[in-house]
Amino acid sequence: MTPEVAASGEWGPRRKMLLWLAPALLSQYVLDVLAVGPGLPALVLRVVWALCVALSALRMDEHSASSMRLHTTFQCVAGSLCFIGLVLVAGGSDGAYFHLFPCLPLILCLIYPQDTLPVMLSGALCSAGAGGMLWMAGRPMSQVLLWVGIVVTVTLVGAYGASEFRKAQRAENEGRLERARREALESLAISERRRAHSEKLATIGQLAASVMHEINNPVAFIGANLDYLEREVLAEPRRASREELAEVFRETRTGVERVRQIIGDLRGFSRMDTEEPTECAVADVVSDAVRIARLRLQHVARLEVDIPEDLPPVLAVRRRLAQVLLNLLVNAGDALEARGREGSEVRIIGVCEGARVVLRVEDNGPGFPPHVLPRLFETFFTTKGPEKGTGLGLALSRELVEQCGGSLVAENREEGGARLRLEFPVGGSVKVAS
């Protein structure tokens with residue numbers, strides 16, 4: 001037993017098969033007794049054949065192709081020579097085993113379908129042994145050639161069958177790998193969508209207080225207007241004019257529209273993305289993100305947007321790009337709020353530089369500490385507390401931008417503050433990553 005096998009106690013499928021084959025060969029001595037009677041030569045040949053198979057199995061390395069081929073060749077050659085010896089012991093061309101010469105290469109093809117050369121060597125030895133015995137017995141040359149042809153033909157048919165089996169097995173393995181690859185890609189895509197959705201919900205959770213405050217304002221004056229209308233409509237005599245009532249109705253409708261717009265923005269933003277990338281107007285995407293970001297920034301910093309209307313479109317999923325911008329704006333608001341200084345500003349600037357559209361999200365906060373900047377886009381790395389940061393926002397933002405063929409880098413402004421720079425190829429000039 002090899003040291004590796006002894007240490008591990010594990011047996012590969014090929015080794016197990018051969019170790020079962022060795023005693024099976026030895027047990028066939030019962031057939032020798034029935035064919036020619038008890039005899040030491042037949043027993044010696046059986047023992048040698050079984051030992052060759054067993055020792056080769058123990059020395060074989062199933063992880064090495066060269067070792068497998070060497071031991072397979074040895075087993076086929078040793079088995080063929082032992083079988084030829086058994087045929088001679090059993091009476092040569094007139095014995096009971098002579099007609100089994102064509103069967104040995106065929107059996108070896110079934111046992112060793114992975115390699116054709118050892119089986120061909122066995123066929124050559126068997127055809128030579130059968131032809132030699134017939135020639136030595138004085139049989140006609142036609143009979144000699146007939147038996148040689150039969151053994152060679154059976155060997156070639158067996159080798160062809162083994163070759164087709166290998167092709168079918170290879171095709172099946174490739175199909176299995178392809179199915180596994182497709183399933184892995186589908187699982188990865190589902191996981192990516194869920195991760196993006198979780199980050200969206202986390203961002204909305206951070207905005208919850210601002211959202212409630214923003215909705216409470218229009219709801220408050222809607223309630224006040226309804227109280228006023230109730231008093232005036234039910235009062236006798238009616239004091240308010242039609243113009244005053246119409247103005248109250250308009251204000252109430254404006255408040256309802258404001259609440260509806262906030263809820264619609266949040267619902268659309270939190271919906272999981274299934275859209276395909278399309279050409280998006282940068283100004284529209286920024287507008288989507290800014291409407292929600294103002295809920296967070298209105299009591300923290302002044303938000304300025306400088307996006308030219310004629311900025312070229314970019315190829316992206318609109319909701320994903322809006323999510324990236326919202327993540328960056330919320331991060332800027334958190335940094336400015338932690339600093340707590342008057343005059344805080346956040347800016348979104350869009351420019352076209354050659355065939356690239358550049359968006360810069362800047363603030364005049366403390367900027368990025370030198371030890372944080374290299375790790376900023378690492379997954380689960382965050383400098384915020386557990387109630388605010390998940391460590392996924394910037395890492396996910398970079399992934400989403402790169403899927404659009406763009407890039408996202410962070411840097412500190414020379415005049416102070418942080419800058420996130422997004423670059424995208426102009427729409428239609430890039431192939432979006434799937």
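Student: Which side chain meets E304 in a salt bridge?
Tutor: The side chain of R347 does, at 3.5 Å from N to O. A salt bridge here is a side-chain nitrogen of Lys or Arg within 4 Å of a carboxyl oxygen of Asp or Glu. The model is predicted, so local features need pLDDT of at least 70 and side-chain atom pairs count only at pLDDT 80 or more, while totals for chains, interfaces and linings use all residues. Residues are numbered from 1 along each chain as its sequence is written, and side-chain values use heavy atoms, with hydrogens and water left out.

Student: Why does E304 count as partly exposed?
Tutor: Because its relative accessibility is 30%. Buried means under 20% relative accessible area, exposed means over 50%, and partly exposed is in between (1.4 Å probe, protein chains only). R347 also counts as partly exposed, because its value is 32%.

Student: What else does R347 meet in a salt bridge?
Tutor: E345, with 3.3 Å from N to O. E345 counts as buried because its relative accessibility is 18%.

Student: How many salt bridges are there in the whole structure?
Tutor: A search finds 20. R413 and E362 form one of these, with their closest N and O atoms 3.7 Å apart. R413 is in the loop between β6 (407-412) and β7 (418-425), and E362 is in strand β5, 51 residues away in the chain. R413 and E362 are both buried. A network of salt bridges links R360, E362, E411, R413, E415 and R419.

Student: What about D363, buried or exposed?
Tutor: D363 is buried, yet has no salt bridge. The nearest side chain of opposite charge is R413, 6.0 Å away. For charges, Lys and Arg count as positive and Asp and Glu as negative, while His and the chain ends are not counted.

Student: Which strand holds D363, and what is D363 in contact with?
Tutor: D363 is found in strand β5 (residues 356-363). Contact means heavy atoms within 4.5 Å. Leaving aside neighbours within four places in sequence, D363 is in contact with A332, L336, E345, V346, R413, G416, G417 and A418.

Student: New topic. Which residues touch the most other members of the largest nonpolar core?
Tutor: L329 and L422, in a core of 46 residues. A nonpolar core is a set of buried Ala, Val, Leu, Ile, Met, Phe, Trp, Tyr and Cys residues joined through side-chain atoms within 4.5 Å. Helix α12 gives the most to this core, with 10 residues.

Student: And what is L422 in contact with?
Tutor: Beyond its neighbours within four places in sequence, the contacts of L422 include V324, L325, L328, V357 and V401. There is also a second, separate core of 36 residues, with Y29, A54, A90 and V144 among them.

Student: Which residues make the nonpolar surface patch?
Tutor: L26, L40, L43, V44, V47, V48, L51 and L55 make a patch of about 640 Å². Patches are made of residues with over 30% relative accessible area and no salt bridge: like charges are joined within 9 Å, and nonpolar side chains (Val, Leu, Ile, Met, Phe, Trp, Tyr) within 5 Å. Accessible areas come from the Shrake-Rupley method with a 1.4 Å probe; for residues, only the protein chains shown count as cover.

Student: Which helix gives the most to the nonpolar patch?
Tutor: Helix α4 (residues 40-59), with 7 residues. V47 lies in α4 and counts as partly exposed because its relative accessibility is 31%.

Student: Where is V36, and what is V36 in contact with?
Tutor: V36 lies in helix α3 (residues 29-36). Leaving aside neighbours within four places in sequence, V36 is in contact with V89 and A90. V36 and A96 are 60 residues apart in sequence and 8.4 Å apart in space, C-alpha to C-alpha.

Student: Last one: how many helices and strands does the protein chain have?
Tutor: The chain has 13 helices and 7 strands. Of its 434 residues, 43% count as buried. Its accessible surface comes to about 23,700 Å², of which 61% belongs to carbon and sulfur atoms.

Notes:
Helices (H or I, at least four residues) and strands (E, at least two) are DSSP runs, numbered from the N terminus.
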